[in-house]
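I opened this entry to keep track of what I looked up. I went one topic at a time.

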Amino acid sequence: MPVAWLSAISTSDVDTAGGKGASLGELRDAGLPVPSAFVVTADTYRTFIEEAGIAEELFEATDVDGEDSAALATAEQRARELILDTDLPESVKSDILDAYNDFQNDPFVAVRSSATAEDLPDASFAGQQETFLNVSREDLLERVKRCWASLFTQRAIYYRDEQGFDHEAVDIAVVVQRMVDAEKSGVMFTSHPSTGEPEITVEAAWGLGEAVVSGAVSPDNYTYDREAESVETVTVATKKTMHVKDDETGETIEKSVPDEKQTERVLNDEELASLHRLGELVEDHYDQPQDVEWAIVDGDVFLLQSRPITTIDEQTNGAAPQNGDDSGNSDNSSILVDGLGASPGTATGSVRIVGTLDQLDKVNQGDIIVTEMTTPDMVPAMKRASALVTDEGGMTSHAAIVSRELGVPAVIGSETATQTLTDDQVVSIDGDRGVVADGHRTPADESDTTADSASEPRAGRQGSKPMTATDIKVNVSIPEAAERAAVTGADGVGLLRMEHMVLSTNKTPQQYVEDHGEEAFVNTLTDSMRTVAEEFYPRPVRIRTLDAPTDEFRQLEGGEDEPSEHNPMLGYRGIRRSLAEPETFRLQLEAFRKLYEMGYDSVELMLPLVNDAEDVERAKSLMREAGIDPEKRDWGVMVETPASALCIEGLCETGVDFVSFGTNDLTQYTLAVDRNNGTVADRYDELHPAVMHLLHSTIETCRDYDVATSICGQAASKPRMIRQLVETGITSISVNVDAVADAQREVKRVEQQLILESVRD
Ligand code: PEP
Ligand code: MG
């Protein structure tokens, strides 16, 4: 049969229904409220490619070297053409449409790929195949074929090639499920995700569930005591956005939550009790705690997906303690790997090894991501994770910056974590000390409580912000962190890096423009910049034009055209690239111009990696050409090369309003220590006298010229750096979100000391 209804499917049907289809069938079988669905079976796909005579060409076309990105792109393209351009047999068309008609009233459906990769590691498929939401009858057949074609995306081909799996060994089923027009939705852990205790955790937001699952919105959080059958805690979040179906087009759109609902509690006690009842049933059925996606419409609760919780620690769940020690004071023998403590906090969870072009979907809430190095498209998964461990990278690498910004504990530059640790292994991370230990407790730490720091802005705890003469600002790399950054009470954003906005599109600017046009590129930038500017308005937001080294751009679509450089840190980045590619620079400037036009006069423009006045004069004339009058706007430059510090007089004479120290770069260029190279991390010293000398002399010259000075490198959060720069007269200090409160206190202390000394003198 080309199609099978969920009622006829159970867990043992992975071969025909794929993993997703089989698990939905199982849920329904258990009497749980699952929206009705049928599955276009894997046999249908197989018969289609064989009977249409395209199977041979399909597998030949996709048998390419995974390292050859041009060949991968051609293979994907050819596979798509073969599948999409070949007509479905009439009998299959009518079976699918007849099944659809049984839904009645022509509802919108979700069309989800469900691969049958039973013998292969789970990892090989997660996130690689398509899902389409709100599909109409008219588009259904085409979407089914697009799910099939997604078995041959570049990522999927690459992965199978790398793992030595035969493309022919994998089939794909497609789940067609009635869309639930959720009024509210979210996730539920049927037991505590790390201790396994009988406590339900529910996260809930308005609208469709993707907003919660993808981390686009901070959801309400509820806990429910299963034994006492009562609500334990209620934490209501400010929910600014929601995903809903557009009634006209059927597409999922993001829209603002009406003001009055933003801080309203999403779930009442009764709904929590219903979720509890279903949670008990699901857990009973699987005999294991579950992580469940749910939705509520017209008061009815539906379950959309259920997976086992993989983070529960065996020890606390009653099993015998490993190493004979559960005291929390285990010695260093339980340390598995160590590295740099790059983002503070501790967490316990299951290891998920994530390869480069790989399976981010396998990272569940509370898992610990272990990877060679993070890439920008890992950000959503990092938000779900309770901690991060990398092989590579230093304190100022992408991994370190983003994890700090998201509040996810991280151990960076461990060298061997991806080799030493294994999938599903339960480990504890100490992001302060930089160690990964076996089992549940972090060495020398009993209070394993900060795993959820990502959802709980630390800065939020500071009620009264100390008044300081020196401004304390916050750095933001990803617009998603803007809200968290704004509640710190910082005096503005000292650095918003534009490259992260580009990296998150997964395309180089050139590729993006080629695919979507210049206007779309400008709009992408404007939207991201505006998110932050709006969050902080009227506090100033300093946005830096592009500064991505070529090795970061190389990972993106279109990255194959990036120049190959021996040392990208010394290469084609910052203002030098923008001046060499005025077309792309013009689009960046256009985004600024649009923001000014919209009234965001709080936006300040900052140029990265300048060396001297000539760099700045050239950039200024491009600003004018783009319609930005440097006399009317606040703008400035980064001081992050020794050249810029040594040529500071000339820079001041160009008319800059401010300079900002990028000590991450200034240190690496002054000391000749690659900031991303873990091997020489011990030589990386931002407080080195040579670096300090450049900082002091620059501040002094800028004071003569009445040019404001700031520091936005990582070193800005070091008390010694704060002390020295405040004493020399720096105007503002900009730190990561987790360091704002400490910086405020430290600056206050230093300023008071200075006043005291001046009175005593
Ligand atoms: C710096 O170099 O200190 C800086 C803030 O810029 P980035 O880390 O983006 O190079
Ligand atoms: Mg820099």
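**Helix H27**

I listed the buried residues of H27: Val740, Ala741, Ala743, Gln744, Glu746, Val747, Val750 and Glu751. I am working from a predicted model.

Next I asked what covers these buried residues of H27. The cover includes strand S22 (471–476), helix H26 (719–728) and strand S29 (732–735).

Then I checked the length of H27, which runs over residues 740–760. With 21 residues at 1.5 Å a residue, H27 should span 30 Å. Its end C-alpha atoms are 30 Å apart, so the two values agree.

**Helices H24 and H25**

I turned to a helix pair. Two packed helices are described by the angle between their axes and the distance between the axes. I looked up both for H24 (residues 663–671) and H25 (residues 689–705). The angle is about 125°, and the axes are 9 Å apart. That angle makes H24 oblique to H25. I noted the crossing of H24 and H25 as right-handed.

Which residues meet there? From H24 I wrote down Thr663, Leu666, Thr667, Thr670 and Leu671. From H25, their partners are Ala690, Val691, Leu694 and Leu695. I sorted the residues of this contact: six are nonpolar, three are polar and none is charged.

**Glu625**

My last stop was Glu625, in helix H21 (residues 613–625). Is Glu625 buried or exposed? Its relative accessible area is 65%. Exposed means over 50%, so Glu625 is exposed.

I also looked up Glu625 against Leu589. They are 36 residues apart in sequence. In space, their C-alpha atoms are 9.5 Å apart.

Terms used
Residues are numbered from 1 along each chain as its sequence is written. Chains are lettered from A and ligands numbered from 1 in the order in which they are written. This is a predicted model: local features need pLDDT of at least 70, side-chain atom pairs count only at pLDDT 80 or more; totals for chains, interfaces and linings use all residues. Side-chain values use heavy atoms; hydrogens and water are left out. Axes are lines fitted to C-alpha atoms, for helices over the stretch in contact, and angles run from 0 to 180 degrees between N-to-C directions. Helices (H or I, at least four residues) and strands (E, at least two) are DSSP runs, numbered from the N terminus. Angles under 35 degrees count as roughly parallel, over 145 as roughly antiparallel, 65 to 115 as roughly perpendicular and the rest as oblique. A crossing is left-handed if the near helix is turned anticlockwise from the far one by less than a right angle, and right-handed if clockwise. Contact means heavy atoms within 4.5 Å. Ala, Val, Leu, Ile, Met, Phe, Trp, Tyr, Cys and Pro count as nonpolar, Asp, Glu, Lys and Arg as charged, and the others, Gly among them, as polar. The expected span of a helix is 1.5 Å times one less than its number of residues. Buried means under 20% relative accessible area, exposed over 50%, partly exposed in between (1.4 Å probe, protein chains only).
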